[in-house]
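Dear colleague,

Please find below the structure that I am passing on to you.

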Amino acid sequence: MKSLTHKLVIFVSALVVVVVAISGWFAYEQTRHLLLERALPSLRAKVEASMGDFLKPYAAAHGPLQLLATAPSMQALLRAKLAMDVDQQKTQVLLRDVENLLQNYIKFYPDTWQIRLEGVATNGAAWLIVVPAGAQPIAVVEDKLGQTNQGGEPEASPLRAGEVRYSAIESDISQGAEGKPSQAGLSMTLRVDYAGQPAARLVVYQKLTHSLEQLRGALAGAGQLYVVEPRHFRYVVHPDRAKQLGQTLGTVWGLSEEFPLLAEGLAALQSVQTGGRSLQREDGEHLVHMAWYTVGQAGRGADVGVIYRLPRQAVLGAFDALVQRSLWINLALVMVALLGSALFAGSVTRPLRHLAQVISGYGRGEHLPLQYTERSDEVGQIGETFLEMRQAIEARTQALEEEEQRLNSLFESAVDGILIIDAKGIIQRYNAGACKLFGYTSKEALGKNVSLLMQDVVGQEHDLFITRFLQEGGTRVVGNSREVEARHKDGSALPVQLSVSHFKYAGEDYFTGICHDLRHQHWLQSALKMANDHLESQVAERTEDLTQANQALQQEVAEHQLTQAKLFLVNQVFEKARQAIVITDHNNKILDVNPAYEALTGFQKQQVVGHDPAVGKSGRHDPAFYARMWRSLLSENHWEGEVWDRRSDGSIYPKYLSIDRVLDRQGSVLNYVAMFQDLTEQKATEEELERLSHYDPLTGLPNRALFRNRLEHEFLVARRHNRSVALVLINLDRFKQINDSFGFTVGDRLLAMVAKRLEQLVRKTDLIARQENRQERDSDTLSRLGGDEFSIILAELRAAEDAAIVARRTVALLEEPYDIEGQEVFLGGSLGVSIYPENAESLNGMIQCAERALVKAKEGGRNTFRFYSEEMNRHSAEQVRLETELRRAVMQERFQLHYQPKLEIATGEIEGVEALVRWPRRDGRMFSPDAFIPLAEETGLIVPLGRWILKQACADVVAINAQRVRPLRVAVNLSAKQFQQEDLEQMVLEALEETGLETQLLELELTESMMMGDVDEAINTMSILKGLGLTLSIDDFGTGYSSLSYLKRFPVDALKIDQSFVRDLERDSEDAAIVHAVCNLGESLGMKVVAEGIETQLQMDFLRQLNCDTGQGYFIARPMPLAQLQDFLAQHQG
């Protein structure tokens, strides 16, 4: 294998084989795939065409039957039958006419094996039966039928006029003789009307044997045809005729037993409501076309399932034979290619081996003769290139030797000392300049460590410096020039300027050091320093004298500059201030005003200088106001406050004024300085804030804060005059639907219209208030509540019944229509009324009483009013006490879990339990879950309670499963608040980790309503829980309002049928239909179905027939404590 020839031959051979094999395999697979892909549509077209021929006669059967029903002889017979014609002879004649008509039909349609004419009024008893019998069909009339004349099967739903109803395909037992196989057939039923009313039914029983044989012949060949009826998938047509419907007595052959996967696919197509009901696919070694077809008219015919299986080899056989022949041809071509490549490789590698010998000898210093240089191909070019390369190497070697001589001359002739050391610090080169500088000869220095030339402290650490540089890179020495202190041979200190560089040679690290002697430079620097020190001492003496003189001058200049700066600053403040400034003399005459004064008052400086500041007096303040101002100035030298003043144009405005009295050192008045600012905008802002704080921005009426203030005021007045006060709370009915339908803008307009109506209704002394902002305003008498809630305060009531008058007027007024954008809209109102002081004596108490009465009004049907009663108060107090006990019970975990077993209906085994919380009373009885579960939801206690339930249930089931072979699954109900908790996933994980329960054994039950608030968020939460491996189910399914479009998006595993549907299953057909539909829905969506509330054996049997998966209810077992559950499970296993 060392020969290049062998390698080349092997490489080329392998390459050819791989390329041919890959390309051949790819082409083979692509062609097979293409053939199979094209065969599927052809297969479908072939079956569709044959089935079209098979179904055509039955689709057209409606016409002949309609002709029979409308024939004159048929109508005449119906007329006689309906008229109860006692002329039996005449009736017999009419019967014979109809008999001849039906016999002719059988002759024309020989596959007919019976025709029945049944009377509607006689409960379906046959008037006439005609059956084929050789050349002439036999007819039996009603008077010869005797007691065997029984009506057909009852109709599932009444026939419509002109409708032909087809039965399912079934075994025609009436055609088979005793002990002989029967034939497949179906029936066609037509309602026969007389004078527009149903009078009879015409039932035609049709044999399918002949048509099915024609279908079998049309699809004969390599494929296999299977035709099944829709109920149990029993064979109507089978390649083995013995397996066809009715062919073997006592034995039933079906698709589900022979081809279960095909049966599943056909069942899935059967449940398709829209789109195609056919499917083509590959099934192992066969291509399969499966479809449902309707025998008869669409929507009223009988379904029949068709499967046609075609072996793949029937499509690919010819192609596989062609491929086999191609493989032998390609193998021969590959062998020829391998032989040619071996011969070619030998001619190429022979001169290459010679070139390799010559080049290898040149590397050892031998000059062997070179052949093949005269060739013009690549081999000759390689030889010429080698000769040129050898000449270039020899020339380069000579040049390098000359360069080395020049560098050695420079190295030795340099004035500075130059030395080269290796990575261990050993001196490798040492020039003459270094000998002169350090005193060591080359012989003494070479081979020694460079620390020989360093001071002891530096020399000891030098090797460490080199190691650190080689490991980490960059130091302060390498690549830089610095002054260091070296050591002379005689031991004296030697100052030098050292430059260090690093280089690599032959893979080794080396350092070059260039040392410049600094001894003469240091002597010059020392002499210069002595001269500078003497000069600086003389300058310092003269500078001290000048400094003292300058300090005195600078202090005087600084004082003048400070005074000037203060004056400038005061003037800038006076001119630039945004507040108006007035300066008067001691007699209160204006000396100066600033530009802000002119801008605020409109008075110019020349108009007021020399005048009293009272030039802008408004006249709104009395003399006493100004007397108090002057007393404050005289006693405190300062006054400030709000003042109303007058501008030059006569307008009055508010301002905030500050006056200071300026005294000299003797205490005499020098000036008065007044500063003020305009408060006009501030006052307007305060008024707007006051309005926004106390008034509703939508209607302009006062809000909740003013309502509360006014109500408290009315309480005081009522107590003083021994009067009553009524509080009416109003909540608009149907407002949310209108707001959602028309939008918030229309909703706001509607609220404003309601407020206007209420303003017209109540007296000026009454108050309408909106429950929003919580600030107050004293002078308002009308207000409005927020959202769609209002309240009315009825003050100075003479009797409580007066409030009922206002309430009735309010209800009637709110019922009147509202015109919204040209469309009439109707609202209503629910009112709650409380009376002071009969119901409550505090503001919050009155509001609570009215709110409870409002709730009762809504529960009473809305659009009415209710007064507060003491019974509501007692119920509220009971709820408060119950909430207190519930909080204590949650903190102390005073709850129990009962478990209700869940039965696997098909096997009768217990497959799981549902955890149900119970709260024991102190007397041993139990609180009803309906009493405390809603309260826990309302107060939020359901979250900690639900956390305890989840952990306890997991722990109990772990203990139970430790003693069982088949582990139980536990179902725990999730509340709406738990479902919305952000830490729901963490809560579930903690329960599983702390108890050790396997994830797949925990089932969480959700309700439809909790998932419909925010569907996308609910789906996200359920997906997170599913990702943990849990089972999810929808509890009380059918009582919520989820749609099927959402249901198919929910990642749930089971549907629990609410017990309200199961309870009346035997008596209520609607409940039975709902349960049947849910079972079918669960099967279609791949979900399990659990039925709750099973109480009887009949219910259990009905659910078993519907293939319901799991049952739960008192018939199986009541909810029980853990210990009783363990005994129950032990007995059930035994």
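**Findings**

Strand β13 (residues 417-422) and strand β17 (residues 508-517) run antiparallel and are joined by six bridges. Within this pairing, Ile418 stands opposite Ile514 in β17. Please note that the model is a predicted one.

These two strands belong to an open sheet of five strands, ordered β14-β13-β17-β16-β15, with antiparallel pairing. Its edge strands, each of which pairs on one side only, are β14 (427-430) and β15 (481-487). On average, neighbouring strands of this sheet are turned by 35° against each other, direction ignored. Helix α10 (residues 378-413) packs on the sheet, where it touches β13 and β14. The direction of α10 makes about 80° with that of β14.

Another open sheet of five strands has the order β9-β8-β12-β11-β10, and here the pairing is antiparallel. The edge strands are β9 (235-237) and β10 (278-283), each pairing on one side only. From one strand to the next, the twist averages 25°. Strand β10 pairs with strand β11 (residues 286-295) over six bridges in the antiparallel sense, and the bridge partner of Asp283 in β11 is His286. Helix α8 (residues 260-270) packs on this sheet and touches β8 (224-228), β10, β11 and β12 (302-311). The direction of α8 makes about 40° with that of β11.

Helix α21 (residues 744-761) has 18 residues. From its first C-alpha to its last, α21 reaches 26 Å, close to the 26 Å expected at 1.5 Å a residue. Several residues of α21 are buried, among them Val746, Gly747, Leu750, Leu751 and Arg757.

With regard to annotation, the unreviewed UniProt entry carries "domain: PAS" over residues 403-473 and 572-610. In the model, the chain over residues 572-610 is 41% helix and 23% strand, and the end C-alpha atoms of that stretch are 23 Å apart.

Finally, some values for the protein as a whole. Its secondary structure comes to 35 helices and 38 strands. Of the 1134 residues in the protein, 40% are buried. Among the contacts with a separation of 6 or more, 58% are between residues 24 or more positions apart. The accessible surface comes to about 63,800 Å², and carbon and sulfur atoms account for 54% of that surface.

With kind regards

Note on methods: Residues are numbered from 1 along each chain as its sequence is written. This is a predicted model: local features need pLDDT of at least 70, side-chain atom pairs count only at pLDDT 80 or more; totals for chains, interfaces and linings use all residues. Side-chain values use heavy atoms; hydrogens and water are left out. Two strands pair if DSSP finds at least two bridges between them. Helices (H or I, at least four residues) and strands (E, at least two) are DSSP runs, numbered from the N terminus. Axes are lines fitted to C-alpha atoms, for helices over the stretch in contact, and angles run from 0 to 180 degrees between N-to-C directions. Contact means heavy atoms within 4.5 Å. Buried means under 20% relative accessible area, exposed over 50%, partly exposed in between (1.4 Å probe, protein chains only). Accessible areas come from the Shrake-Rupley method with a 1.4 Å probe; for residues, only the protein chains shown count as cover. UniProt positions are given in the numbering used here, feature names are shortened, and annotations may be inferred rather than shown by experiment. The expected span of a helix is 1.5 Å times one less than its number of residues.
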